[in-house]
Amino acid sequence: MVPILYNHIFEKEIYKFKSKNNRPKIIDCGSNIGMAVLYWKKIFPNAEIVAFEPSKMNFKALKFNIENNLFENVNLVNAAVSTKSGKQEFTDNDAASGSLFLEKALHKKI
């Protein structure tokens with residue numbers, strides 16, 4: 001999965017945007033392992049980023065990637081973003097995938 005993410009994010013630049021502000025505020029809902037955060041910090045080193053990731057496995061990798069790159073102004077949140085408040089079921093699997101959409105039928109619910 002990482003080569004595909006790398007290709008889409010760094011080579012195809014699917015998250016590229018222009019900003020007159022050199023310190024944009026970015027909210028990443030479903031940050032996975034943090035590839036988009038790495039990309040945004042590359043093009044906007046002073047950006048303020050809030051990265052949400054509900055999967056415990058992905059969050060651990062996200063935290064590792066952000067800490068090992070010594071990024072500042074990145075707030076990591078181990079939670080999902082939804083239109084509903086409160087607790088919800090979340091599907092997760094060992095392939096670094098997860099969803100609030102239970103119909104995806106990933107193999108374990110947390």
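Modeller: Let us begin with a helix: the buried residues of α2 pack against α1 (2-11), β1 (25-29), β2, α3 and β3 (74-77), where helices (H or I, at least four residues) and strands (E, at least two) are DSSP runs numbered from the N terminus, and contact means heavy atoms within 4.5 Å. This is a predicted model, in which local features need pLDDT of at least 70 and side-chain atom pairs count only at pLDDT 80 or more, while totals for chains, interfaces and linings use all residues. Residues are numbered from 1 along each chain as its sequence is written, and side-chain values use heavy atoms, with hydrogens and water left out.

Colleague: Why is helix α2 called largely enclosed by the rest of the structure?

Modeller: Buried means under 20% relative accessible area, exposed over 50%, and partly exposed in between (1.4 Å probe, protein chains only). Seven of the nine residues of α2 (residues 35-43) are buried, so the helix is largely enclosed; the buried ones are M35, A36, V37, L38, Y39, W40 and K41.

Colleague: What makes S55 buried or exposed?

Modeller: S55, in the loop between β2 and α3, has a relative accessible area of 0%, and therefore counts as buried. S55 is 23 residues from N78 in sequence, with 7.3 Å between their C-alpha atoms.

Colleague: Which pairs do qualify as salt bridges, and how many are found?

Modeller: A search of the whole structure finds three. K16 and E13 meet at 3.9 Å, N to O, and E48 and R23 have their closest N and O atoms 3.1 Å apart. The latter pair links distant parts of the chain, with E48 in strand β2 and R23 in the loop between α1 and β1, 25 residues apart. K63 and E67 have their closest N and O atoms 4.0 Å apart, and both lie in helix α3, four residues apart, about one turn of the helix.

Colleague: Why does E67 count as partly exposed?

Modeller: The relative accessibility of E67 is 47%, so E67 falls in the partly exposed class; K63, at 38%, is partly exposed too.

Colleague: What makes β1 and β3 edge strands?

Modeller: Two strands pair if DSSP finds at least two bridges between them. The open sheet of three strands has the order β1-β2-β3, with parallel pairing. Each of β1 and β3 has a single partner strand, so one side of each is left without a neighbour in the sheet. β1 and β2 pair in the parallel sense over five bridges, and the bridge partner of D28 in β2 is A51.

Notes
A salt bridge is a side-chain nitrogen of Lys or Arg within 4 Å of a carboxyl oxygen of Asp or Glu.
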